[in-house]
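My entries follow in the order I made them.

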Amino acid sequence: MIRVDSHRAFLAAWQRGEACCWCDPVGHELRFYAQPVPTLQLLPALFSPFRLREALMRRFLAPGRYEGCYLSATPEGAPLLMLQLTGSEVPQDAIGTLYSLADMT
């Protein structure tokens with residue numbers, strides 16, 4: 001996985017199909033994996049258990065809006081929001097969906 005230093009570089013690597021990650025200025029980390037299933041991940045910084053519960057509520061109250069989104073945790077216990085991609089998503093929209101699910105819009 002390559003680490004990039006800008007949002008633009010993250011999108012360019014994604015469009016090339018390269019696994020990549022980028023930390024935004026606030027500390028949230030975005031990751032893109034092409035294999036085995038194209039997946040976009042968001043590791044939100046400073047995400048409390050209360051905010052995780054709110055994200056779960058948003059996910060289940062708006063299933064159409066968050067289709068393909070999943071909430072999990074890293075092995076260290078940090079929250080992990082995922083979106084399985086179909087290939088037809090506009091990258092900015094997919095990123096926006098995860099940020100919306102985390103209520104970071």
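**Aromatic cluster**

I began with the rings: F10, W14 and F32 form one aromatic cluster. The model is predicted, so I kept to its limits: local features need pLDDT of at least 70, side-chain atom pairs count only at pLDDT 80 or more, and totals for chains, interfaces and linings use all residues. Residues are numbered from 1 along each chain as its sequence is written, and side-chain values use heavy atoms, with hydrogens and water left out.

I paired rings of Phe, Tyr and Trp (its six-membered ring) if their centres lie within 6.5 Å; planes under 30 degrees apart count as stacked, over 60 as edge-to-face and the rest as tilted. By this rule I count 2 aromatic pairs. The ring centres of F10 and W14 lie 6.1 Å apart with planes at 75°, so I logged this pair as edge-to-face. Both F10 and W14 sit in helix 1, 4 residues apart, about one turn of the helix. Helices here are DSSP runs (H or I, at least four residues), as are strands (E, at least two), numbered from the N terminus.

W14 also pairs with F32, and that pair is stacked: 5.2 Å centre to centre, 15° between the planes. W14 belongs to helix 1 and F32 to strand 3, so the pair ties together parts that are 18 residues apart in sequence. I then checked burial (buried means under 20% relative accessible area, exposed over 50%, partly exposed in between; 1.4 Å probe, protein chains only). F10 and W14 are both buried. F32 is buried as well.

**Helix 1 against helix 3**

How do helix 1 and helix 3 cross, and at what angle? The axes of helix 1 (residues 7–16) and helix 3 (residues 91–101) come within 11 Å and cross at roughly 115°. That makes helix 1 roughly perpendicular to helix 3. I took axes as lines fitted to C-alpha atoms, for helices over the stretch in contact, with angles from 0 to 180 degrees between N-to-C directions. Angles under 35 degrees count as roughly parallel, over 145 as roughly antiparallel, 65 to 115 as roughly perpendicular and the rest as oblique.

Next I listed contacts (heavy atoms within 4.5 Å). From helix 1, H7, F10, L11, W14 and Q15 meet P91, Q92, A94 and I95 of helix 3. By class, this contact has 6 nonpolar, 3 polar and no charged residues. Ala, Val, Leu, Ile, Met, Phe, Trp, Tyr, Cys and Pro count as nonpolar, Asp, Glu, Lys and Arg as charged, and the others, Gly among them, as polar.

**Helix 3 and what follows**

Is helix 3 enclosed or open? I find 8 of its 11 residues buried, so helix 3 is largely enclosed by the rest of the structure. Among the buried ones are T97, L98 and Y99. The buried residues of helix 3 pack against several elements, including helix 1, helix 2 (49–61) and strand 6 (79–84). After helix 3 comes D103, with a positive phi near 60°.

M104 lies in the segment after helix 3. M104 is buried at 16% relative accessible area. Leaving out residues up to four places away in sequence, M104 touches H28, L42, P44, R51 and Y99.

**An exposed Phe**

Last, I looked at F60 in helix 2. F60 counts as exposed, at 63% relative accessibility. F60 and V90 are 30 residues apart along the chain, and their C-alpha atoms are separated by 23 Å.
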